[in-house]
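Hi everyone, thanks for making time this morning. Have a look at the structure on the screen, and I'll talk you through a few parts of it.

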Amino acid sequence: MAELDKESVDATPNVTEVETVDAATVEEAVAAIEAPVERGEPILQVRNLVKHFPLTQGILFKKQVGAVKAVDGISFDLFQGETLGIVGESGCGKSTVAKLLMMLEKATAGEVFYKGQDITKLSGRALKAVRRNIQMVFQDPYTSLNPRMTVGDIIGEPFEIHPEVAPKGSRRQKVQDLLDVVGLNPEYINRYPHQFSGGQRQRIGIARGLALNPEIIICDEPVSALDVSVQAQVINLMEKLQDEFNLSYLFIAHDLSIVRHISDRVGVMYLGKMAEIGTDAQIYDHPTHPYTQALLSAVPVPDPSAREGRERIILTGDVPSPANPPSGCRFRTRCWKAEERCSTEMPLLAIPERFVASGTPAAHESACHFAEEKNVVHAA
Amino acid sequence: MTTMEKTANVPAPRSDEDYQGPLLEVRDLHVEFHTREGVAKAVNGVNYTVDAGETLAVLGESGSGKSVTAQAIMGILDMPPGRIPQGEILFRGQDMLTMPENERRKIRGRKVAMIFQDALSSLNPVLTVGYQLGEMFRAHLGMSKKDAKLKAIELMDRVRIPAAKERVNDYPHQFSGGMRQRIMIAMALALEPDLIIADEPTTALDVTVQAQVMDLLAELQREYNMGLILITHDLGVVADVADKIAVMYAGRIVETAPVHELYSRPSHPYTRGLLDSIPRLDQKGQELYAIKGLPPNLTRIPAGCAFNPRCPKAQDICATDIPLLHPVTERDGTDLPGRGSACHFWKETIHG
């Protein structure tokens with residue numbers, strides 16, 4: 001898009017170069033997509049991904065008057081077999097990232113490499129092969145299942161689109177196996193979604209996600225609609241399935257405790273940008289970005305004796321509108337450290353210079369000019 | 001604030017002056033709903049008390065009857081299909097269930113107010129927030145529209161909505177989620193009630209905003225010395241603000257305890273299970289403990305202890321005898337004030 005401002009694209013973090021695979025023909029592209037990836041190797045690489053939703057005015061002659069910058073230049077890697085958690089407040093763009101990776105929305109700019117293939121440029125057979133390997137589990141188990149279809153039809157529907165995975169005769173058996181895998185009685189195959197509880201419905205959603213043996217599952221708030229006791233069951237199930245089927249998860253949630261529990265690495269998003277990314281211990285025990293610190297300190301810990309010793313940072317105000325984000329650092333309007341520099345210079349997502357040589361857990365990527373370690377989770 | 005004087009001018013109930021007991025007392029409350037599938041027993045004998053300045057947290061999963069109890073207290077249950085077959089709700093010693101409706105209207109909103117979970121659907125989208133806030137003053141105190149609007153601005157300032165004067169004529173959709181919840185709080189506070197019931201006040205909000213709203217609520221509660229019933233499923237929020245906790249399951253209170261005690265030594269297997277099943281921010285565990293099974297269908301609550309099909313400690317007696325809320329004591333028999341457990345094996349659970 002021509003109107004894309006230069007600034008956001010220039011803010012390239014120093015992430016590793018992507019090894020692209022040049023595929024001259026569709027066959028080569030499909031072959032590259034089908035090729036296995038070693039555990040710990042990057043399977044999905046996102047580079048400067050941007051999604052702007054245009055704001056238009058006028059009825060007949062639509063004129064673009066601005067754009068909601070839902071995702072504004074983010075980059076990260078997802079490694080094979082790991083869980084990458086993405087946290088952030090509502091409106092920070094985390095669900096848009098999920099939709100972009102699923103190719104449910106077309107990216108305004110940027111690339112998403114799946115095994116070296118830029119999926120934003122794929123079409124036809126190659127894209128279909130990618131879609132088979134990236135599946136999604138949705139937030140709301142009540143609206144993401146068609147009420148007029150039986151469980152068997154819902155879970156079996158992916159086989160209609162990708163018949164090569166399960167030939168017609170074997171589908172019923174396959175669906176029953178999937179029900180068994182997610183801990184539901186295989187005899188429920190002819191029931192309808194309304195006959196199940198929220199937790200059971202989410203299991204159906206997971207079974208549908210697993211049907212095509214994908215390599216990546218994108219989970220958008222998979223447990224936030226569930227009760228506490230049921231939440232634990234679903235989380236445990238997801239961890240079990242990850243080991244069993246060697247899956248990579250992109251786990252999007254706003255509940256920081258759950259994200260810590262399930263994730264190997266965590267990325268914190270704010271207003272369409274990645275504020276900080278690192279391993280779970282780096283982010284939770286050694287956060288360096290003020291937003292992460294505020295976010296973590298605001299989470300109530302279920303332990304009344306911990307409440308006395310913890311420092312709480314209470315942010316003022318609300319998240320600014322993504323249609324008109326602040327200049328420079330997007331967090332500066334709510335940040336207690338903000339200085340002149342923050343309004344003019346956009347901080348890059350990189351390991352802060354002062355920590356580069358230290359080798360401590362604070363040495364992880366953080367987009368702040370004044371990155372500083374601060375323990376907010378544990379009582380002092 | 002001038003509201004204070006105005007409210008004080010209203011003739012108080014006769015027993016108000018020398019009343020000594022708790023602010024609110026719920027005694028053996030039962031609520032049932034008559035549906036096509038049968039009678040759903042949503043609340044089955046709930047007892048609790050709240051004093052002025054005290055925060056009672058009612059903790060439970062969906063369907064545990066925590067919100068229905070609150071609605072019964074407010075007198076906003078849909079009846080029918082709802083029915084209150086037995087029980088008493090005493091506000092300053094007067095039973096609200098037997099008093100005439102016009103008496104009750106004087107208490108509702110003025111003495112007992114409620115904050116709802118979903119601010120967007122609780123506010124009227126076609127009226128300005130100023131008009132909706134002012135309604136309390138117009139309806140209860142008979143103020144003029146103009147005075148009511150001034151009061152509304154004052155209230156919006158009180159809950160720290162920036163630029164209250166300019167925003168008083170805005171509509172609910174023009175406010176963010178946190179601001180809308182502040183408006184709900186302002187509305188509940190309008191007449192400086194003695195008791196506020198907050199039904200999941202922060203569930204729909206982001207954590208940073210949740211912290212702001214809970215802080216505001218706690219501050220206002222201290223200032224006005226109000227009783228607060230906080231209904232929630234979030235064990236974290238409860239740990240932060242509550243004085244005492246009542247844990248509900250299938251329409252009954254299964255455990256009561258002061259806040260510190262509940263977290264350090266739960267005396268009911270359900271509470272223990274809940275505490276073990278939440279991931280912690282400050283530590284990384286291995287597998288989460290998960291309570292097996294599902295909460296019961298309220299039309300078919302299991303015989304005996306409602307939790308017995310999911311309980312790891314269940315014995316034969318649990319499937320036949322309903323456990324009452326036993327007072328919980330130390331191993332040597334010393335009283336633990338405020339503690340109770342509705343489990344046949346509470347001794348083993350707390351001391352075992």
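Let's start with helix α9 of chain B, residues 207–224, which lies across β3, β7, β8 and β9 of chain B. Its direction runs at about 155° to β9(B); axes here are lines fitted to C-alpha atoms, for helices over the stretch in contact, with angles from 0 to 180 degrees between N-to-C directions. Helices (H or I, at least four residues) and strands (E, at least two) are DSSP runs, numbered from the N terminus.

A word on the source: this is a predicted model, where local features need pLDDT of at least 70 and side-chain atom pairs count only at pLDDT 80 or more, while totals for chains, interfaces and linings use all residues. Residues are numbered from 1 along each chain as its sequence is written, chains are lettered from A and ligands numbered from 1 in the order in which they are written, and side-chain values use heavy atoms, leaving out hydrogens and water.

Now, the sheet under that helix. In chain B, eight strands make an open, mixed sheet ordered β7-β8-β9-β3-β10-β11-β13-β12, where two strands pair if DSSP finds at least two bridges between them. β7 (112–115) and β12 (326–329) of chain B each have a single partner strand, so one side of each is left without a neighbour in the sheet. On average, neighbouring strands are turned by 25° against each other, direction ignored. Helix α2 of chain B (66–74) also packs on this sheet, touching β3, β7, β8, β9 and β10 of chain B (contact means heavy atoms within 4.5 Å). The direction of α2 makes about 145° with that of β9(B).

For B:C305, the nearest cysteine sulfur, in B:C318, is 6.0 Å away. B:C305 is buried, at 13%.

Key. A disulfide is a pair of cysteine sulfur atoms within 2.5 Å. Buried means under 20% relative accessible area, exposed over 50%, partly exposed in between (1.4 Å probe, protein chains only).
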